[in-house]
Every structure is written in structure tokens, then in C-alpha cells.
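I opened the model to look up charge pairs, the ligand site, a surface patch and a few helix residues. My entries follow in the order I made them.

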Amino acid sequence: MKTLVIAAHPNLEASTVNRAWKNRLSQEKDITVHDLYEAYPDFKIDVEKEQELLLKHDRIIFQFPFYWYSSPAILKEWQDVVLTYGWAYGAKGTKLHGKEFAIATSTGGPKEAYQAGGYNKYSMNELLKPFEAMANLTGMKILPAFLAQGVRTMSPEQIKESADQLAAYLTAAK
Ligand SMILES: Cc1cc2nc3c(=O)[nH]c(=O)nc-3n(C[C@H](O)[C@H](O)[C@H](O)COP(=O)(O)O)c2cc1C
């Protein structure tokens, strides 16, 4: 099982969680970590290259810090230009069919803020629905999201543990 982690953090130098995740996952031989902001600082995404990369992997992971209840902007741009009609969706758009898909995201808000009646009013399950709808339309099988929440209070040890847990999640035999 070859896993492609599409990572999107606009300022990795200031990151703690996503940087730790990226570094940890880069050590795994069956995981390719692809950093979108590093590859495309000008947002000019090479669609052919991205599609080729997708074809070489069985499982696709979007890894990002949660920004404005969604992903940083480049990941939306990536979806808009890479997931084309006739390739990713439509009667003949079957290239992603059968692949697995999951989200790995970190939130500043704690877990309890993400529920009805909570500070952020909606659950992560609800807020991540557009990504699930994308995976559904493109014929991918949705795996449970991997979440790190309330990250501002996480200790370095907890961040390391979370990176190890994510690596274990993505390399567990399926
Ligand atoms: C532009 C911006 C938007 C953010 N929006 C949210 C948000 O909607 N919900 C939330 O819980 N945290 C939000 N945060 C906090 C980030 O999710 C948090 O800083 C990040 O997950 C930490 O990961 P990192 O250490 O890899 O940067 C936002 C941060 C920034 C800079």
C-alpha cells in the first residue's frame, strides 16, 4: 500500500504539529510526503505531475492545519485544478476509483469546542464533509480522519506522540 500525503502548511517554520507530522511521515518508506507550498510557492500547480503522483499511490491523505474551518488555500486550488472532469469525476473520470482517502488535521480549538452548543457550534465530522463529498464523487473510500485538537496546549512529547500515532495509523496493515 503506497500512501501519498499531500501536505499544505503555508508557514512550516512556525509550525509545531504539521512540521512534526511531516518529518515523521517522511521516514516511512511506503509514504510519499508532498509539500504543496514548497512545490508551488506561486500557486501554479503542475496538473499533469500531480495526477501522475496520484496514480502511483493507493491511498491519499490531505494533511493540514485547520484554517477557517477548512484547509489552507492551496489545497482548495489543488482540488480545483487537479481533480478534472473526465479524469477524477464524470462517466469516464475513474482514475481515483478504489483509492483510500483520509484527512489529517490539527485545530487550535479543543475537541469540546467542536460540537452542537460548543464554541465552534459544529462538529469536525460536519465541517469535514466537503472533503468527504470530494472523496465520494471521485470514487475513493473514506477512512476516519486523524485529528490533533487544542494544539496550543500540546507539549513537545504529546506532539511527538501524535506524529508516531499518525505514522502508525498510515502504516498499519490493511
Ligand atoms: C489563518 C488561520 C486560521 C485558523 N483557523 C482556525 C479554525 O478555524 N479553527 C481552529 O480550531 N483553529 C484555527 N487556527 C489555528 C490553527 O489550526 C493551529 O494554529 C494549527 O493547527 C497549529 O498547527 P501547526 O503547529 O502545524 O501550525 C487558525 C490559524 C490560522 C493562522
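I looked up Glu38 and found it exposed, at 60% relative accessibility. My cut-offs are these: buried is under 20% relative accessible area, exposed is over 50%, and partly exposed is in between, with a 1.4 Å probe and protein chains only. The model is predicted, so I kept to its limits: local features need pLDDT of at least 70, side-chain atom pairs count only at pLDDT 80 or more, and totals for chains, interfaces and linings use all residues. Residues are numbered from 1 along each chain as its sequence is written, and side-chain values use heavy atoms, with hydrogens and water left out.

Which residue forms a salt bridge with Glu38? I found Lys22, with the closest N and O atoms 4.0 Å apart. A salt bridge here is a side-chain nitrogen of Lys or Arg within 4 Å of a carboxyl oxygen of Asp or Glu. The pair links distant parts of the chain, as Glu38 lies in helix 2 and Lys22 in helix 1 (residues 17-25), 16 residues apart. Helices are DSSP runs of H or I with at least four residues, strands are runs of E with at least two, and both are numbered from the N terminus. Is Lys22 buried or exposed? Lys22 counts as buried because its relative accessibility is 14%.

**Other salt bridges**

I noted 10 salt bridges in the structure. Side chains of opposite charge can pair when their charged atoms come close. Arg24 and Glu28 meet through their side chains at 2.9 Å, N to O. Glu28 is partly exposed, at 21% relative accessibility.

Asp164 bridges to Lys160, and their closest N and O atoms are 3.0 Å apart. Both residues lie in helix 7, four residues apart, or about one turn of the helix. Asp164 is partly exposed, with 28% relative accessible area. Lys160 reaches 53% and therefore counts as exposed. I then traced the links: Arg24, Glu28, Lys160 and Asp164 belong to a network of salt bridges.

**Ligand site**

How many residues surround the ligand? I read 16, and the closest are His9, Ser15, Phe66, Ser106 and Tyr114. A residue is near a molecule if one of its heavy atoms lies within 4 Å of it.

I went through polar contacts next, meaning pairs of N or O atoms within 3.5 Å. An oxygen atom of the ligand sits 2.7 Å from an N or O atom in the His9 side chain. Another entry puts a ligand oxygen 3.0 Å from a polar backbone atom of Val17. A nitrogen atom of the ligand is 2.9 Å from a polar backbone atom of Trp68. Taken alone, the ligand exposes 640 Å², and the protein buries 73% of that. Accessible areas come from the Shrake-Rupley method with a 1.4 Å probe; for residues, only the protein chains shown count as cover.

**Around Trp68**

I stayed with Trp68, which lies in the loop between strand 3 (59-65) and helix 4 (73-82). Trp68 is exposed because its relative accessible area is 80%. Tyr67, Trp68 and Tyr69 form a nonpolar surface patch, with about 420 Å² of accessible area together. A patch takes residues with over 30% relative accessible area and no salt bridge; like charges are joined within 9 Å, and nonpolar side chains (Val, Leu, Ile, Met, Phe, Trp, Tyr) within 5 Å.

Tyr69 lies in the loop between strand 3 and helix 4. Tyr69 is partly exposed, at 37%. I flagged its backbone: Tyr69 has a positive phi of about 60° although it is not a glycine.

**Phe43**

Phe43 also got a flag, for a positive phi of about 70° in a residue that is not a glycine. I placed Phe43 in the loop between helix 2 (36-39) and helix 3 (47-55). Phe43 is partly exposed, at 31% relative accessibility.

Which residues of helix 6 (residues 129-137) are buried? I found Phe131, Met134 and Ala135. They cover an arc of only 95° around the axis, so they are on the same side of helix 6. The arc is that of the directions from the helix axis to the C-beta atoms. The face turned away from the buried side carries the exposed residues Pro130, Asn136 and Leu137.

Last, I checked Leu166 in helix 7 (residues 156-171). Leu166 counts as buried, at 1% relative accessibility. Leu166 and Met1 are 165 residues apart in sequence and 16 Å apart in space, C-alpha to C-alpha.

Methods. Polar contact = N/O pair within 3.5 Å; in protein donor to acceptor, adjacent residues only side chain to side chain.
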